[in-house]
Amino acid sequence: MSCVQKQPKLSKSEELLHHASSQKTIQISARLLGMEGDPDLQFLLTGGDLLKVRSQSWKKTRFLKLQDDCKTIWRQSKKPFKSSQTFPVSNISAVQIGRQSEGFKKNTEEQVEGRCFSIMFKGRQKNLDLIASSEEEAGQWVKSLQKLITCINNQSRQQKAEHWIFSCLRKADKNKDDKLSQSEMKSFLKLINMNLDDDYAEFLFKKCDTSNSGYLAGKEIEHFYNLLTQREEIDVIYGEYAQNTGFMSAKNLVDFLMKEQREKATLADGQRIIETFEPDEHVKEKKLLSKDGFLIYLHNAEAMILNPEHAEVYQDMQQPLNHYFISSSHNTYLMEDQLKGPSSTQAYARALLKGCRCVELDCWDGSENEPVIYHGYTLTSKILFKDAIKAIKENAFKTSDYPVILSLENHCSVEQQKVMAQHMSSILGSALVTSPLGDDMPKNFPSPEELKGKFLIKGKRLNKLEVSFTEVAAAAYDTDVTEEEESNDEGEEDEQKEKKSKKKLKLAKELSDMVIYCRSVHFNSFEDARKNQSFYEMSSFKEGKAVNLAEESVNAYIRHNVEKLSRIYPSGSRTDSSNYNPVPLWNAGCQIVALNFQTDCAEMDVNQGRFLVNGKSGYVLKPAYMRDSATEFDPITLTRGEWLKHKTLHIMVISAQQLPKVNKKKSSIVDPYVKVQIYGVPADTAKKVTSTVDNNGFNPAWNENFQFDVYVPELALVRFVIKDYDTTSDNEFVGQYTLPFNSLKMGYRHMPLFNKTGDLLPSAGLFVHIMVLDGE
């Protein structure tokens, strides 16, 4: 699958702004994607009839095609007078061939398997299940869509911005005459989230209308585009170092990298950057870097705020499993709230694709001897256990190769527990860990590296693991025995839990045997755990209990987590699927801090930021002082120790680019402000806020300076959030970016922005200056 990303060959006037004919629009869009003349793109532009499946009785023909902008899918009913719908290709998370979705499995027969494909969306949007007329056609749709998605994802920030602006210009040109009237220009400005004073808009129009014709065309539109996209802050930085007839030499670039960006750089580095990022061949031949090339470089991943080395797996992955923070989900099957919302296998796919490494399965007896998953004693819908395991198997290792923990909350009868064991064994196969690694009784956890591509089961076990290494093992398994359930098991109301805790849970040997490294046991005290529990025995803590321990006995909790695994889960009172702040629990060394992944909130932003690094593997190594059983670390009192590394963080919030509208009304323009937050130990927690820029989401500028003291940098996270100020209601979320403090790059840095659901906003960004100095 290839899509060559090359700079447009047409002039800017033609490439970005000439949009009269449909064919020219397609040509320009294809060039910006690097897909000019591509047969897969042509297939999508032609489109075709597909059968949309919603239920066994609702199957209707829909015509789907890619629009001329090459980034929007259009679909329409075959019935006359029915309205059409569109959705951006950037909203697609995956395209799957076959009857993989639960909708397909429920509503279609096996004989149509090869003709089926599903479009999965980011956020909470439901899958689009479609049936093509033949297996070949289904394969062509999947192949073509996957290639288009890859090409869109591979676009540079510059190309995405140009593509977006071009699309807005095309929309603004109502009569498609390849010209912009003054009213069309105002319409375009609103589309790009910018509202100019009428007098200034008129001044700008007249300045560009050099022909005095009353409209802008050709070079005049290009002039207008250049005025809009000019970034004074970049002009100033570039001008400071472009001392060779207005261009940067390799030496100038190295000076910039060393002085401003605080990077070690050689002349060879400068020459490589020019060769890679300079778009003008004539300038490149002279071994110089133009302002356009400089900006393209600043938008590249190697020059952005996240240390590019940390974007890959860079930590030691050979440490025991419990020495890592592990990205974890609570009630993973739920799409919405905890009381009446839908359960779905799609929720498992979404969590795993976001790097989650510990998913939860609430298992109950179902009809026809098939266990089901749902939130017990509620009206949430049910899904088959075997379908959830299939979805987990399908998506487990697409984002990360490192192990996935299946946290079983088992309410099933012995018979259906046996069915659960059969399903996991047959579906997961050799990837399921069913015996300790090695021949001897283990004394510690294996590492994530040793467990790559493996599944671990967390649940109850009939006896200690050591028993299976003795001669009496067989006798111990002669009959099903019982084990007291944890009194702090989740998923039930407190009164029901109290009753349940007095009952005994009968376990099937087949399921019990699958629990190797994560045996669930009740927590009594840290002393009891130290004296009586084996390393593989772990407890689950309700949020309130965990927070109390993290406040009142935090050092003991940290030491406990050096030896054992701990899982934290939200309080049962969070029926709306809201989340708690995970940071105090990470500060206490807790590894499996489970959150409601389906909820859009600051806590999930912080979780995404914690696991943004180390290759998005879902595993982040804890600091050395949280892996030492004799540690004196206390994040609250902060006594002196290796953890205390006082840093002063200086941040200048400079500008933002192409912020999205949060109110879809054409007349609505964003009034943005930026909030910078530090998450970490209590002494480091802080926030600062910029002023508000009125009526400008296209290129707002702040140039405001903030300073923060950070005492425990290894545990600190920095969050940048942009909101739309509103005097009459709550300020609306626009975008955010969170990353670990130690992953910050110094100097002038761009950062991408994520939307509410944690997905990338295609062309939006924030530009800042970062400086980290040793504290006094």
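**Close-up views of a predicted model**

View 1. Ile 119 stands opposite Leu 128 in β7. The structure is a predicted model, in which local features need pLDDT of at least 70, side-chain atom pairs count only at pLDDT 80 or more, and totals for chains, interfaces and linings use all residues. Residues are numbered from 1 along each chain as its sequence is written, and side-chain values use heavy atoms, leaving out hydrogens and water. Strands (E, at least two residues) and helices (H or I, at least four) are DSSP runs numbered from the N terminus; two strands pair if DSSP finds at least two bridges between them. Strand β6 (residues 116–121) pairs with β7 in the antiparallel sense over four bridges. In the hairpin of β6 and β7, Gly 123 takes a positive phi near 70°. Two bridges also join β7 to the antiparallel strand β1 (residues 48–53), where Lys 52 stands opposite Leu 130.

**View 2. The two faces of β7.** Leu 128 and Leu 130 on one side, and Asp 129 and Ile 131 on the other, are all buried (under 20% relative accessible area, with exposed over 50% and partly exposed in between; 1.4 Å probe, protein chains only).

**View 3. Ser 577 in a loop.** Ser 577 is found between β22 (566–569) and α24 (583–587). Its relative accessible area is 0%, so Ser 577 is buried. A polar atom of the Ser 577 side chain lies 2.7 Å from the backbone oxygen of Glu 336. Leaving aside neighbours within four places in sequence, the residues in contact (heavy atoms within 4.5 Å) with Ser 577 include Asp 337, Asn 596 and Thr 599.

Notes
Polar contact = N/O pair within 3.5 Å; in protein donor to acceptor, adjacent residues only side chain to side chain.
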